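I opened this notebook to record what I looked up in one model, entry by entry. The entries follow the order in which I made the look-ups.

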Amino acid sequence: MSPTEARFRTWLAGFIFPQSKLERIAAEKKRAAQLEAARRLFHRAWSGAHDSPDYDKQHWRELNRALSELGFEW
């Protein structure tokens, strides 16, 4: 299925079943809020650790890479 066809099917489903469209929008908003909360937590933890004598930048890079593979984009 092409991206255009997928967008059309999503639009059509939202037109025919408006409740499912509202639920999908609510789920997308919730996911965006969760991603923002995770991003803030990551940066707060990184900022706190940055001045520590035990700070290891490589560990933070590995954590960032692992989170990016799960779909978290900073």
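**Entry 1: surface patch.** Which residues form a nonpolar patch on the surface? I worked from a predicted model throughout. I found that the patch is formed by Phe8, Trp11, Leu12, Phe15, Ile16 and Phe17. Together these residues have about 680 Å² of accessible area. I then looked up Phe8, one of the patch residues. Phe8 sits in helix H1, which covers residues 3-16. I noted a relative accessible area of 47% for Phe8, so this residue counts as partly exposed.

Entry 2: How many salt bridges does the count come to? I recorded 3 salt bridges. As background, side chains of opposite charge can pair when their charged atoms come close. In helix H1 I looked up Glu5 and Arg9. Their side chains meet in a salt bridge, at 3.0 Å from N to O. Glu5 and Arg9 are 4 residues apart, which is about one turn of the helix. Glu5 has 34% relative accessibility and is partly exposed. Arg9 is also listed as partly exposed, at 46% relative accessibility.

Entry 3: I next turned to Glu36. Which residues are linked with Glu36 in a network of salt bridges? I found that the network links Glu36, Arg39 and Arg40. The side chains of Glu36 and Arg39 meet at 2.7 Å, N to O. In the salt bridge between Glu36 and Arg40, the closest N and O atoms are 2.9 Å apart. Both pairs were then placed along the chain. Glu36 and Arg39 are 3 residues apart in helix H2, residues 18-50, so about one helical turn separates them. Glu36 and Arg40 also lie in helix H2, 4 residues apart, again about one turn of the helix.

I looked up the accessibility of each member of this network. Glu36 is partly exposed, with a relative accessible area of 29%. Arg39 is partly exposed at 27% relative accessibility. Arg40 has 52% relative accessibility; the cut-off for exposed is over 50%, so Arg40 counts as exposed.

**Entry 4: helix packing.** At what angle do the axes of H2 and helix H3 cross? I recorded a crossing angle of roughly 175°, with the axes coming within 12 Å. Angles over 145 degrees count as roughly antiparallel, and therefore H2 is roughly antiparallel to H3. From H2, the contact is made by Phe42, Ala45, Trp46 and Ala49. From H3, the contact is made by Trp60, Leu63, Asn64 and Leu67. I noted that H3 covers residues 57-69.

**Entry 5: two distances.** How far apart in space are His43 and Gln19, C-alpha to C-alpha? I recorded 36 Å, for a pair that is 24 residues apart in sequence. His43 is partly exposed, at 32% relative accessibility. For Gln34, I looked up the separation from Ala13, which is 21 residues away along the chain. The C-alpha atoms of Gln34 and Ala13 are separated by 26 Å. Gln34 has a relative accessible area of 42% and is partly exposed.

Methods
Residues are numbered from 1 along each chain as its sequence is written. This is a predicted model: local features need pLDDT of at least 70, side-chain atom pairs count only at pLDDT 80 or more; totals for chains, interfaces and linings use all residues. Side-chain values use heavy atoms; hydrogens and water are left out. Patches are made of residues with over 30% relative accessible area and no salt bridge: like charges are joined within 9 Å, nonpolar side chains (Val, Leu, Ile, Met, Phe, Trp, Tyr) within 5 Å. Accessible areas come from the Shrake-Rupley method with a 1.4 Å probe; for residues, only the protein chains shown count as cover. A salt bridge is a side-chain nitrogen of Lys or Arg within 4 Å of a carboxyl oxygen of Asp or Glu. Helices (H or I, at least four residues) and strands (E, at least two) are DSSP runs, numbered from the N terminus. Buried means under 20% relative accessible area, exposed over 50%, partly exposed in between (1.4 Å probe, protein chains only). Axes are lines fitted to C-alpha atoms, for helices over the stretch in contact, and angles run from 0 to 180 degrees between N-to-C directions. Angles under 35 degrees count as roughly parallel, over 145 as roughly antiparallel, 65 to 115 as roughly perpendicular and the rest as oblique. Contact means heavy atoms within 4.5 Å.
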